[in-house]
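User: Please take a close look at the sheet pairing here, then connect it to the rest of the fold and to the chain contact. Keep it brisk.

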Amino acid sequence: MSDEHSTSMRRALSLANIGVGVAGSYLGYALQHAFLGEGERGAKLKATHTRAARRMADEMKSLRGAAMKLGQTLSLQTGTLPDEMLAELATLQMSAPPMHPSLVRAQFKQSLGAEPESIFKEFDPEPFAAASLGQVHHAITNKGERVAVKIQYPGIRQSLANDFKMFRALSKPAQASGHIPKGAIDEVEQQIVAETDYRKEADNAEFFRKRLAPLTFVEVPRILREYSSDKVLTMSLMKGQHIDDFLARRPSQKLRNQLGDHLFELFYFQVLELQALHADPHWGNYLFTNDAGISLVDFGCAKYMSKSTVGYLRAGFLYPGSTSSPEFRHLLEKYYEDEGRQLAPATRRALVGFAENFYRKVYPPDLEHAEPFDFGDPQFLNDFLAASKDLFRARGVLSELIFMVRAEMGMYQTLHRLKAKVHTSAIVRKYL
Amino acid sequence: MATKRTSRKTAAPRKAKTKATPRKVVRPSRQTRSKPQATANRAATKEAIREKIVKAALSLFQTKGFDATTTKAIARKAGIAEGTVFNYFKSKDDIALHFFEQEVDSAMAAVRDNPRLKKAPLEEKLFALVHAQLEYLAPYERFIGSALIHALKPSSPLGPFSHRAMELRHRYLRFVEELIEESIPKKQNPLGFLAPEVFWIYYMGALLYWLYDTSEGKQHTLAFLDRSLTLGAAMLKQSKRYVR
């Protein structure tokens with residue numbers, strides 16, 4: 001074991017060396033951040049979400065990009081990190097170093113052939129928000145439309161690829177022991193690399209804009225393809241406030257409850273109706289309005305789920321019978337089989353524990369007498385984390401569900417911050 | 001499209017001027033008028049030929065390589081006699097040096113003439129400078145590579161020991177020094193005397209990095225410049241703490 005460990009370590013180091021030589025590593029950006037100190041770092045991006053990130057311990061800040069997302073799936077279960085920190089991690093975003101105006105112009109020009117000032121009627125060289133892998137600027141088109149222009153930091157794709165090379169090697173022991181399923185790293189890498197192509201994000205945004213239309217309380221930006229490329233994405237400006245600003249205005253319990261219901265419905269509508277999910281739960285990606293509306297931004301990370309997965313979830317959600325019944329057991333076995341895995345007894349016990357200790361509490365099966373669930377009480381988050389840890393120890397993590405679970409945890413985290421009381425089971429029932 | 005529009009624009013006021021000129025105005029005599037104009041014309045023609053030669057030479061350096069290009073071929077490409085080339089340049093090295101002088105001048109002008117950069121931090125100004133240089137060099141990438149190797153030959157006028165090349169480097173580094181002083185006053189920068197020299201080595205490194213960068217659109221070079229300059233500027237700003 002130790003031999004195997006040291007070999008993979010050495011391999012990781014040599015691979016990392018190659019990587020750093022060519023394009024550096026995404027983690028390198030974090031080191032650069034550390035060197036610059038708080039003042040310079042905070043100067044450029046006054047975006048609200050950094051406040052969320054700042055709450056985290058400094059060591060956690062250096063876990064970014066690929067490291068961060070993989071770290072999430074790993075540490076979530078091994079219990080190496082405090083629970084609150086994990087909850088924060090789920091909503092942390094991959095943030096590249098801020099770009100000064102000259103770099104923004106160089107990057108924009110290389111992508112669209114001209115400087116932003118000559119393409120737009122107005123362009124604000126100072127970013128108003130950090131985004132996954134880049135930053136966002138205000139602009140006004142020649143037709144007078146106010147837009148948000150997202151610009152990617154150069155060379156990010158290669159940096160991420162380098163980090164993944166390293167992590168593949170570093171996580172060999174965990175892969176061998178079965179704690180990380182074979183496909184998990186592929187799944188995470190695929191999703192993250194997809195985020196570096198803004199054209200894919202444009203496709204995602206258009207898909208969700210069309211398909212989320214039945215939910216009248218949700219807004220999705222319109223993509224302006226003529227001002228977009230793989231590294232620049234221009235979209236209509238969304239209205240609403242980030243959660244920090246929204247909460248700062250002390251919204252009423254009624255409004256928070258309404259918003260909670262909406263967030264909840266949005267999640268289950270996506271999973272059960274669209275079979276696709278906006279899977280980046282970062283707080284910067286949600287804007288809330290005073291009439292309980294939700295504006296979604298940043299569609300870099302979208303998870304399109306398989307039919308069998310959605311079928312399994314449909315059957316498992318609000319399971320009416322006993323979770324120790326042979327039928328429930330058969331349901332679990334069949335799904336694991338479909339995913340090419342065998343359901344070990346320990347995994348089954350962990351899943352039953354999850355259903356009993358978390359889902360039955362948050363989603364009461366008795367609809368007639370059910371009170372809305374109060375997400376203000378932090379106990380449910382602890383239950384969720386404890387159950388996930390058990391599942392990880394029992395080697396029950398399925399690659400297919402990594403992003404859904406992350407989004408689900410992000411939603412719970414937001415609901416907790418809103419202290420919302422939500423009609424959980426009634427909403428899920430609507431779409432079963 | 002754009003050129004058409006500008007030519008029309010410039011043509012219009014000239015017409016208006018001739019119409020508005022009153023007849024009474026005493027025109028300068030032929031002699032006084034033609035002398036400076038003729039000199040100006042001659043200078044303009046000279047400059048045009050010089051540019052023609054440089055353009056022809058660069059296109060040959062790029063396609064045939066620096067070593068394989070002869071002055072004869074340059075003359076033929078430019079459509080002039082070989083002897084005429086020597087009226088303007090001593091050798092093809094001389095032509096290359098002229099190109100690098102233009103490159104440095106245009107990059108310095110790009111930084112100075114950009115009002116947006118007036119209050120920019122040091123790392124941004126330096127980024128703009130190097131980026132402008134690389135943009136200028138981009139069409140001749142192949143030639144730049146061979147010129148770098150050629151410059152290492154001891155007798156080469158492009159080499160670091162030729163008088164003209166030294167002068168160019170001095171002018172460039174003086175400018176870098178100015179940029180640094182704008183951000184960090186001399187008194188607060190005990191390493192200031194060293195900074196331009198270090199920057200020169202850095203620039204050479206960046207040039208090599210750029211030449212070897214096979215990423216699409218030289219994306220890695222952009223990231224490299226950004227990260228290294230930010231780091232460098234931060235170190236310079238903090239140097240007072242460590243050096244007495």
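Analyst: Start with an open sheet of three strands in chain A, ordered β5-β9-β8 with mixed pairing. Strands (E, at least two residues) and helices (H or I, at least four) are DSSP runs, numbered from the N terminus. Strands pair if DSSP finds at least two bridges between them. This is a predicted model: local features need pLDDT of at least 70, side-chain atom pairs count only at 80 or more, and totals for chains, interfaces and linings use all residues. Residues are numbered from 1 along each chain as its sequence is written, while chains are lettered from A and ligands numbered from 1 in the order written.

β5 (218-219) and β8 (286-288) of chain A are the edge strands; each has a single partner, so one side of each lacks a neighbour in the sheet. β8(A) pairs with β9 (294-296) of chain A in the antiparallel sense, over three bridges. Within that pairing, Tyr286(A) sits opposite Leu296(A) of β9(A).

Now the wider chain. Chain A has 20 helices and 12 strands. Of its 432 residues, 46% count as buried (20 or more other C-beta atoms within 10 Å; exposed is 12 or fewer, partly exposed in between; C-beta atoms are placed from the backbone). Take contacts (C-beta atoms within 7 Å) in chain A between residues at least 6 apart in sequence: 75% join residues at least 24 apart.

Next, the packing. Beyond its neighbours within four places in sequence, Leu415(A) contacts Gly260(A), Leu263(A), Phe375(A), Ala420(A) and Val422(A).

Finally, the two chains meet. The contact takes 16 residues from chain A and 17 from chain B. On the chain A side, α2 (26-44) and α7 (101-112) are the elements giving two or more residues. α7(A) gives the most, with six. The axes of α7(A) and α6 (122-137) of chain B come within 8 Å and cross at roughly 30°. Axes are lines fitted to C-alpha atoms, for helices over the stretch in contact, with angles from 0 to 180 degrees between N-to-C directions. The two helices are therefore roughly parallel (under 35 degrees; over 145 is roughly antiparallel, 65 to 115 roughly perpendicular, the rest oblique). Pro101(A), Ser102(A), Leu103(A) and Ala106(A) of α7(A) meet Glu124(B), Phe127(B), Ala128(B) and His131(B) of α6(B).

Terms used:
Contact = placed C-beta atoms within 7 Å.
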